[in-house]
Amino acid sequence: MTKRLGVLTSGGDAQGMNAAIRSAVRAALDRGAEVYGIYEGYQGMIQGGKYIRPVDWAASGGILHKGGTIFGTARSPEFRTRDGRRKAVRNLLLYGIDRLVIIGGDGSLTGANTLRQEWKSLCQELVDAGEIEQSLADAHPYLTVAGLVGSIDNDMYGTDMTIGADSALHRITDAIDAITSTAASHQRAFVVEVMGRNCGYLALMGALASGADWVLIPETPPNLDDWQEKMCAILSEGRKVGRRDSIVVVAEGAQDRHGNPITCDMVKAALESHLGEDARVTVLGHVQRGGSPSAYDRVLSTLVGVAAARIALDAGEGDESMLVGIHHNKITLSPLMECVNKTHELNDAVRGLDFAKAMELRGKNFQDSFRILRTLIRSMPHPPLPGKERIRFAILNASGPAPGMNAAVRVAVRLAVDKGHIPVGVFRGMRGLITNNLQEMEWMSVNGWAPTGGSELGTSRKVPSGGDFYAIARTLEEHKIDAILMVGGWAGYQSMLRLYQERANFPAFNIPIICVPATINNNLPGTEICIGSDTALNSIVEVVDKIKQSAVASNRCFIVEVMGRYCGYLALMSAIATGAERVYLHEEGVTLKDLEQDIAMLREGFEHGKRLGLMIRSENANPLYTTPFLAALFEEEGGSLFDVRISVLGHLQQGGDPTPYDRNLATRLAASAIDFMETYYQKGDRDESATAIGLQSGNIGFTPLYEIPRLMDDKAQRPKEQWWMELRPIARLLAQPGPGFNADRQ
Ligand code: ADP
């Protein structure tokens, strides 16, 4: 019997729900199942009729870029009653649906689990009441449930990120950036309220990303009863040292130590009375839920959607409801109710004023972020402790610019200065070290750097050779440099490796040498993700969305060329996030046979009413089958069926303000780099003291530079192992025309 899957969204909407719908529907169709969309959440399930409709491949197309949910969502008090759920079961049985993918918050997921538990008894009641035949109940002895968490608050146990949280952070960071510029012009204070009743994730990460000056979250209220005075004292000190604005971020559920709410108006009143200046309140409200989903949310939703469909289809009688989430970049499955209960435990801790427990349950990243934020918002560093050794370290950018480089330098400089160390900025990358172009930095040197793209220090692709080493050693000795912190890409890594290899000849290089990965290409060893690649991905996705819109009026195939050098990360991820039907990677190569198949696919599609083709090509996918070559080939072979246009995205991919993800990654990595530098200060001549820092299985990891030649594919200048290569089948699966395919609705 063909399996029938119902897909619904419920509770609050969140950006990325549509991407999850698309992938769950298509993954199920690919498995030969029939799929029904259940409209307006549980209310639609109870009402049945036009609220439960079949969806095919085409109907789940053209929605990746849309915020909200095409199935609609609603709150349904009736579904909380057994009688309401009985009606829901009846409707599901009428359509033969006994498998569910549900996208919603903890309430919606709990509801689905209750339905699964009551399924048998509700079926029996329906039979006993004569509302359905016994044979129908017998044909569907159980219900299976796979849940995805759609919630902008990132407030659910069982997944590192919920669907919508990254997009909401984009909205918040954009808004605070905009407010900061007007606040600075007028030297004004602003209070910004962001969503999050029990969860301060959006407030904390939004404040950290935007360089705000104070944050109030429910999990860890200010220590003192006179928090207003402390806050205002720090803000007014900040003004004295040159800050032109004060931004306070308040979570919707902010409270004091006694559980009394802290509202924006209370903060405004405090600012006005203590600082004697105008304060304005901005409540971001539903803007945070709206708009197109970020690249991260599209990819996350796509991956969990595919997994959820498979789980719901494969589960059998007795299998409990599962929650599909992501942990350390990997899809995870957890018993759904365990996650719901843990989430409630956390909420209870927040509401029960058990702040230590609340912070513990939020996890290490949350705790570290809060600790770092508390240092960054200071108006001046702690004075150096008497007798404490002060490390003079050179800090530089190298390779091409990557959005987030400035955020990393800012955090490294501030955290180091706060510990009594002395950063020395190097201008224009390795060139600055060779030509002795350095300058000491202090706390305010990096003021306002968090949101800026490019590289304030300046960068270059220079890799030292020959006499350069002597010049660099002289510079390091003259400035009494005790450590080097390089934030950059492959040329920077090569440069640091060369310094390490020259240690025997130049004692000046026997110091900690630390590489922080920052390149849009995401082609560095020792890290799953580099600072800058998320921004580049979002830039690509935004442009491709526009290109797709421009093309629907005519029969056209676009070939979009993206950066990445020999690494296909940006190409593959942007293909998943935009629904491209083909992606060309250097890792896979391109053959004439592939191209023939692609032409056949395009011809077939356009013959059957397709209006848009989208192919994404990584810039060095193949030296001979270039983008113009592909365009000429497709144009010629397409005849009058379609025409072909090229779009080479170029340097817009390196520019732009960094996304919140990149800023916060920069913050984490830079903080760990400073810790490493302190640890290895006295043992700078050890092999391990020259290191690359990175994100490994979601945690901060260190890779000694001597390991790098072994880890890298030297010719292709990319790591030999690339975790994201596993995602290629999903890109292929979702682009493949299924039944009822209308290809302009990818
Ligand atoms: P969210 O899913 O975002 O947490 P709600 O808590 O409002 O949002 O839940 C959405 C819907 O899910 C509710 O309107 C109701 O229909 C259903 N629901 C929530 N909690 C339960 C429950 N304990 N039992 C049954 N249904 C529930």
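Predicted model: local features only at pLDDT ≥ 70, side-chain atom pairs only at ≥ 80, totals over all residues.
Residues are numbered from 1 along each chain as its sequence is written, and side-chain values use heavy atoms, with hydrogens and water left out.

User: Which strands are the edge strands of the open sheet of seven strands?

Analyst: Strands are DSSP runs of E, at least two residues; helices are runs of H or I, at least four; both are numbered from the N terminus. Two strands pair if DSSP finds at least two bridges between them. The order here is β3-β2-β1-β4-β5-β10-β11, with mixed pairing. Each edge strand pairs on one side only, and these are β3 (52-54) and β11 (330-335).

User: In β3, which residue is the bridge partner of G37?

Analyst: Strand β2 covers residues 34-38. It pairs with β3 in the antiparallel sense, over three bridges. The partner of G37 in β3 is R53.

User: At about what angle to β1 does helix α1 run?

Analyst: Helix α1 (residues 17-30) lies across β1 (4-9), β2, β4 (99-104) and β5 (144-149). Axes are lines fitted to C-alpha atoms, for helices over the stretch in contact (heavy atoms within 4.5 Å). Angles run from 0 to 180 degrees between N-to-C directions. For α1 and β1 the angle is about 180 degrees.

User: At about what angle to β10 does helix α10 run?

Analyst: Helix α10 spans residues 295-314. It lies across β1, β4, β5, β10 (322-327) and β11. Its angle to β10 is about 145 degrees.

User: Is D213 buried or exposed?

Analyst: D213 is in the loop between α7 (201-210) and β7 (214-216). Buried means under 20% relative accessible area, exposed over 50%, partly exposed in between (1.4 Å probe, protein chains only). D213 has 4% relative accessibility, so it counts as buried.

User: How far from a polar atom of the D213 side chain is the backbone nitrogen of I247?

Analyst: Leaving aside neighbours within four places in sequence, the contacts of D213 include R243, D245 and I247. The backbone nitrogen of I247 lies from a polar atom of the D213 side chain at 2.7 Å.

User: What is the phi of N436, about?

Analyst: Most residues other than glycine have a negative phi. N436 is not a glycine, yet its phi is positive. N436 lies in the loop between α15 (430-435) and β14 (438-440). Its phi is about 60 degrees.

Definitions and conventions:
Polar contact = N/O pair within 3.5 Å; in protein donor to acceptor, adjacent residues only side chain to side chain.
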